[in-house]
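Grab your viewer and work through these exercises one at a time. Each task comes with a worked solution.

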There are 2 protein chains.
Amino acid sequence: MSTAVETISEQRCFDGVQGFYRHASAAVGGPMRFGVFVPEQAKRAPCPALYYLAGLECNEQTFAMKAGAQRAAAQLGLVLVTCDTSPRAARYPGDDASWDFGQSASFYVDATQEPWRQAYRMETYVTRELPDVVEASFPVVPDARGIFGHSMGGHGALTLALRNPDRYRSVSAFAPIVAPSQVPWGRKAFAGYLGPDESAWAAHDACALVRSTPLPIPLLIDQGTADKFLDVQLKPELFEAACAAAGQKLQLRRHAGYDHSYYFIASLIDEHIAHHARALSGS
Amino acid sequence: MSTAVETISEQRCFDGVQGFYRHASAAVGGPMRFGVFVPEQAKRAPCPALYYLAGLECNEQTFAMKAGAQRAAAQLGLVLVTCDTSPRAARYPGDDASWDFGQSASFYVDATQEPWRQAYRMETYVTRELPDVVEASFPVVPDARGIFGHSMGGHGALTLALRNPDRYRSVSAFAPIVAPSQVPWGRKAFAGYLGPDESAWAAHDACALVRSTPLPIPLLIDQGTADKFLDVQLKPELFEAACAAAGQKLQLRRHAGYDHSYYFIASLIDEHIAHHARALSGS
């Protein structure tokens, strides 16, 4: 392991290891924590890495503790990587005043506005620095990356894949924000991180991105119909229409009665892991 | 549903429902919360109920959120019931002074000492009142109960089954306290709840109980070898010897490298669910 990565904890899990680590991030200018699940079969040969981006109020531990993803990842031979939802060391006035902006609410963009642009550089962190760290320190296949996420992290997965098509071979999302420019969560975040000029927002909006630069790979999205954020914040029908117009392959599945919680994610996680394993390792 | 049971939340999970509820407990003299996972197949016919007892510092939500048990329970048709780890409304001096006594640390006994005896009547609660409530309000087969638990809750599962052999058809435990009379956690709790006369403790000590009244059913225990509580608090070898002396069938499995956490439980949960399903429904 690289000396730049400090081990916080490592716990045996499904014959593999669920670890949490800390490193000094150049991208955000301070320490960042992340989690890695390494399946047992990585002892024999490096495995593809699947990156998960969490939603508002979560951190690098949430998915590892609640989604039950390690079982299928162990079976199919995927490394799971989780990161935090914002920088933590850099603090700015008002960054903890609300749950949907600032701390735990980076929206995975590189902010362009002061003061956020100093540390809130999460796109660079997630797409460049973290893979570099993971690929240097863990038994993963370089350039065999998948990405997925939930809610704000679903927005992150879709937009980072659409903006960095060379970086990811597979993409999926649970209950993602797909049209941040058009919904309250996204408009608040983008105004703060990207500024009031809405013309700069389209480059970070999945609906706008897919219309201009669709991906050659199929996207998988699961959405619960009892999700309390469905009608105001999520609006998957907007992405469905954008993908149809752009010729983007999309499997959007609506699940009756499911809400926005990790009980929903856990119920569908095996199918997402399988989706990524097919693309990343042909299993 | 009985009008005495108030719904806190119900969330769709693996095609079933993970709910949390509140009711007025006569046993503990105040409100108690509990969780129930009802698999979809209970819509067609009642299912057996498997009761889980959590460890120190946990509550009725911990297992539901972290163990990933609903997946196998949905497949095999078991209702999962979780309860809290102590009364919450009744408060006594010093009941939150330590993490291993008082709040969240009932040890699932009916206390005999003041002031605890007024509300800390968790054996009666778990073995009588909660099953009555569950069997009156949810689609469960009466008298087809299994019980399992973790750490303090593993002690609870073993001792409540040994003390109430007519109530449970299947028993298992993760990293249980098996000899509370001989280890610091148990001695502190028993001295407080049962008093200084150690002769009263044997009736709540799994090692002592199994020597006098073994069960006709096989017990399953999983224990991690990297569990930091193994040598001082858990000592499964004492229970192994007691079972051997008493002719109690026991499958005690030691798992290299696993610790005391829910990552350990999640890694083995499918096998525990299967153990109970075999006994409760022959599946």
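**Exercise 1.** Find the bridge partner of G224(A) in β9(A).

*Solution.* Go to β9(A): G224(A) is bridged there to H255(A). Now widen the view to strand β8 (residues 219-224) of chain A, which runs parallel to β9(A) and is joined to that strand by six bridges. Strands here are DSSP runs of E, at least two residues, and helices are runs of H or I, at least four, both numbered from the N terminus; two strands pair if DSSP finds at least two bridges between them.

A word on the ground rules: this is a predicted model, where local features need pLDDT of at least 70, side-chain atom pairs count only at pLDDT 80 or more, and totals for chains, interfaces and linings use all residues. Residues are numbered from 1 along each chain as its sequence is written, chains are lettered from A and ligands numbered from 1 in the order written, and side-chain values use heavy atoms, leaving out hydrogens and water.

**Exercise 2.** Work out which strands helix α8 (residues 236-246) of chain A touches.

*Solution.* Look for contacts, meaning heavy atoms within 4.5 Å. Helix α8 packs on the sheet against β8 and β9 of chain A. Next, compare directions: α8 makes about 155° with β9(A), using lines fitted to C-alpha atoms (for helices, over the stretch in contact) and N-to-C angles from 0 to 180 degrees.

**Exercise 3.** Trace the strand order of the open sheet in chain A.

*Solution.* Walk across the nine strands: β1-β2-β3-β5-β4-β6-β7-β8-β9, with mixed pairing. At the edges sit β1 (5-13) and β9 (250-255) of chain A, each pairing on one side only. Finally, the twist averages 20° from one strand to the next.
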